[in-house]
Amino acid sequence: MRRKLTIVFIVILAVICLLGAGIAVLFLMNRDRPGFLKGTSLNGEDISGRTVSELVSREKEKLDGMKIQILEDGRTALEGSLGDYGYTFDEPAYKRSLEQALTEQKHNVFVMLKTLAGGSDISGKSAYKKDDEVNRAFLVSSSFKMPRVKSQDASYVLNKKTDLYEIADAVQGNEIDDSKLQKYVNTKIEKALEGEDLQGKDLLKVDVPDEVYSSRKVSNDKTELKKNLAAKNKAYRLEEYKKMSVTYQFGSKTQVLDGETISRWVKISDDLKAAVDEQAVKEYAASLAAKYDTRYKQRSFKTTGGQVKQISASANEYGYTIEQAQEAAQLKKDIEARKSVTREPVYYKTNSYGNPLYYSRDGVDDLNGTYVEINLSAQHLWFYKKGKLIVESDFVSGNVQHKTETVTGCFPLAYKKSPAKLTGQNAMDSWDSDVDYWMPFYNGQGMHDASWRSSFGGSIYKTNGSHGCVNLPHSAAERIYKNISAGTAIVLYK
């Protein structure tokens, strides 16, 4: 009996040794064989004999070619690669996960025997990195092909043709909460990267679900809107007047009639017609004239020598005069147009002789550095242009003895002519003279060259003066003529 047990033990031991030897041989054979063991699958796909580098290259190619489509109402709203959505393949991490699984197969005899006997499935997730900034920049509803429309209850809408408010129907919008959209789509992408939900090996389609829309339920009730439509339009129309302005230019200076003032002059009727207070408009035009008119007002003139000379209103024909009736009419038109304007006031342009009345201004300063200053007592003049002295000269003015004195006052230069023939007569004399430069400023009086005179200045004018004109040396007359313009102020005083 003992002998039989010994034989059995020897046999079992031999079998175990043979089995161990076989397992050892099998282990050694498969350990050095490249690739995964026979019976190995990756996410359900047979990868027997496939190497890690082959699987890594295949996964990289698949992810590089993968497209993601966002569908809205069955139409493609946004399409891009994984990279567009901020996802990049993490090759080292994916390779490490496969190498770890392969090492376990090749160095763990129990894993090897299990795989060879019944197969094994590696649950291999694709490794990736996600750039949140790129993802958020690309995956936004404002990039969708279909424009976003905001939900809107029935509301007032301005009709640009009629320039009045109307009542528009409610609008069911399609605005999307981008944070919800991103969370939903990224979940889908990440599942696809784990092998789920792919339509084909390289395409993921994601339908936009209802829960990402932020549009609210809208109301089309127009009862209150209709009740308040007239008041809405009246308020809007009045607001237009508050927004406008009329800016008056006085050279570089301006005066602004603001919208708040204008709106107080306007009454809006129920049929939306505007009535402008004409009396208020006339009073404003009158206030402009009172402040800025300079013609036929006493003028204080500071001479080159520093004295202040007073020129009476009746002798002050140079300057700006607002034509109040026309200015009021123009202002009323400006207000009725409901548009801001910048302009000069409406001025009288010429006097009864057709002469221009002014040349330049800067606020209430209507000379603005350009004028001819004529001192009849000193028989000397200065011509300034934009503040710069152009000509300074002696002259001979009207004959005191013959009572043909040159007038005092402030006058605009009527025109200039070269050459010219001067003819005329008075009780004591007649004349017929040819001049090269003629510059009249008042009732036949003007500045001109006088080739028949050999001297100028002093007291010549008292007994041998002109018929009222300002006689100048030829060179002085020429220089003034070439630099002066019609309308320039001629200021004469004693």
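Mentor: The term stands for a side-chain nitrogen of Lys or Arg within 4 Å of a carboxyl oxygen of Asp or Glu. Keep in mind that this is a predicted model, where local features need pLDDT of at least 70 and side-chain atom pairs count only at pLDDT 80 or more, while totals for chains, interfaces and linings use all residues. Numbering runs from 1 along each chain as its sequence is written, and side-chain values use heavy atoms, with hydrogens and water left out.

Trainee: About how many helical turns separate Glu-336 and Lys-332?

Mentor: Both sit in helix H10; helices are DSSP runs (H or I, at least four residues) and strands are E runs of at least two, numbered from the N terminus.

Trainee: Is Glu-336 buried or exposed, or something in between?

Mentor: Buried is under 20% relative accessible area, exposed is over 50%, and partly exposed is in between (1.4 Å probe, protein chains only). Glu-336 has a relative accessible area of 36%, so call it partly exposed.

Trainee: Which side chain does Glu-278 meet in a salt bridge?

Mentor: Glu-278 lies in helix H9 (residues 278-292), and its partner is in helix H10 (residues 324-337), so the pair ties together parts 54 residues apart in sequence. The N to O distance is 3.9 Å, and the partner is Lys-332.

Trainee: What is the relative accessibility of Lys-332?

Mentor: Lys-332 counts as partly exposed, because its relative accessibility is 21%.

Trainee: How many residues apart are Lys-494 and Glu-405?

Mentor: Their side chains meet in a salt bridge at 3.2 Å, N to O. This pair links distant parts of the chain: Lys-494 is in the segment after strand E27 (489-493), Glu-405 is in the loop between strands E20 (388-394) and E21 (409-412), and the separation is 89 residues.

Trainee: How many salt bridges does a search of the whole structure find?

Mentor: Some share partners, and Arg-237, Glu-240 and Arg-338 are joined that way into one network. Over the whole structure, the search gives 18.
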